[in-house]
Amino acid sequence: MRAPLPRVRRSEYRWSVLVAATCAVGLASCATSASSARAVEASLGRTEAAGSAHFVRVNTGPGSAGSTMEGWVNFARSELSMVTYSGAPSSSTAVEDVRQVGSDVYDQFLLPPRENGAERGGVLGYLGLSRWYVRHTSQPVGAQVLLLGALSGAHKVSLVGRANLSGVGTTEYQVAMPAEDLSGTKLKPFTVDVWLDHRGRVRRSSFTEVETIRGRSGKIRFSTLTTLSDFGAPVHVAVPPQPEALRR
């Protein structure tokens, strides 16, 4: 069974390894689809081979599902540093500062200057939200940033065409995902679009998921757009001082 697609925090843990697509009809179609699948399959390793990158992810959805994440990742050292804004980045939104060094993840939660009519200092002092907390994860930084992998079963990968992204020439591919029922949450069929540069590295990925939940009326739509740039830039993530173990 395919794992559920990301939400705000769920998006960090979605995918890890790609598998090749199968061809339905025609030798020419088979060759094209197989070639596209190989390119997408190799993109994770080729992106990580760059050593590091800057990334921005925009999640859109109902209520608190909307967020913007921005940060740096060092694939070679397994380090990540990012800031997550609740909604669009501004001085009036809650912020989460996240750092990962190896298997250790450090979190610091910051409220906006005024939250629910209270001064930030008083709220933070009472709740202890300004402290750093540490937890452990088995998820590599590449899987959290790239969101590519774990396509279970046979999926069709198609070549879409060429596109220029901020002055960088890319090739766009589209991965077809099937419908699925995950414990009462039904996912409609959708597509994942991936843009690769001339070195086969991921420059952008995008998808929109539409789901219905048993017992609830209406459909829920979630979208995720991830953009990568500045490959190979120096990135070093510092371990926060005196973090506390996160209690669950």
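The side chains of Arg77 and Glu79 meet in a salt bridge, with N and O 3.2 Å apart. Welcome to this structure, which is a predicted model.

**Salt bridges**

- Arg131 pairs with Glu244, and their closest N and O atoms are 3.3 Å apart. Arg131 belongs to the loop between helix H2 (120–127) and strand E8 (132–136), while Glu244 belongs to strand E16 (residues 244–245), so this bridge ties together parts that are 113 residues apart in sequence.
- Arg131 is partly exposed, with a relative accessible area of 43%, and Glu244 is partly exposed too, at 26%.
- Asp197 and Arg201 join through their side chains at 2.9 Å, N to O. Asp197 is buried at 6% relative accessibility, and Arg201 is buried at 10%.
- Shared partners link Asp197, Arg201 and Arg203 into one salt-bridge network.

**The largest nonpolar core**

- This core has 28 residues, and those touching the most other members are Phe55, Val73, Val145, Val192 and Leu228.
- Among the elements that give two or more residues to the core are helix H1 (27–48), helix H3 (141–146), strand E1 (52–60) and strand E14 (202–213).
- Leaving aside residues up to four places away in sequence, Val145 touches Phe55, Arg57, Val73, Leu80, Thr226 and Leu228.
- In soluble globular proteins, nonpolar side chains tend to be buried together.

Key:
Residues are numbered from 1 along each chain as its sequence is written. This is a predicted model: local features need pLDDT of at least 70, side-chain atom pairs count only at pLDDT 80 or more; totals for chains, interfaces and linings use all residues. Side-chain values use heavy atoms; hydrogens and water are left out. A nonpolar core is a set of buried Ala, Val, Leu, Ile, Met, Phe, Trp, Tyr and Cys residues joined through side-chain atoms within 4.5 Å. Buried means under 20% relative accessible area, exposed over 50%, partly exposed in between (1.4 Å probe, protein chains only). Helices (H or I, at least four residues) and strands (E, at least two) are DSSP runs, numbered from the N terminus. Contact means heavy atoms within 4.5 Å. A salt bridge is a side-chain nitrogen of Lys or Arg within 4 Å of a carboxyl oxygen of Asp or Glu.
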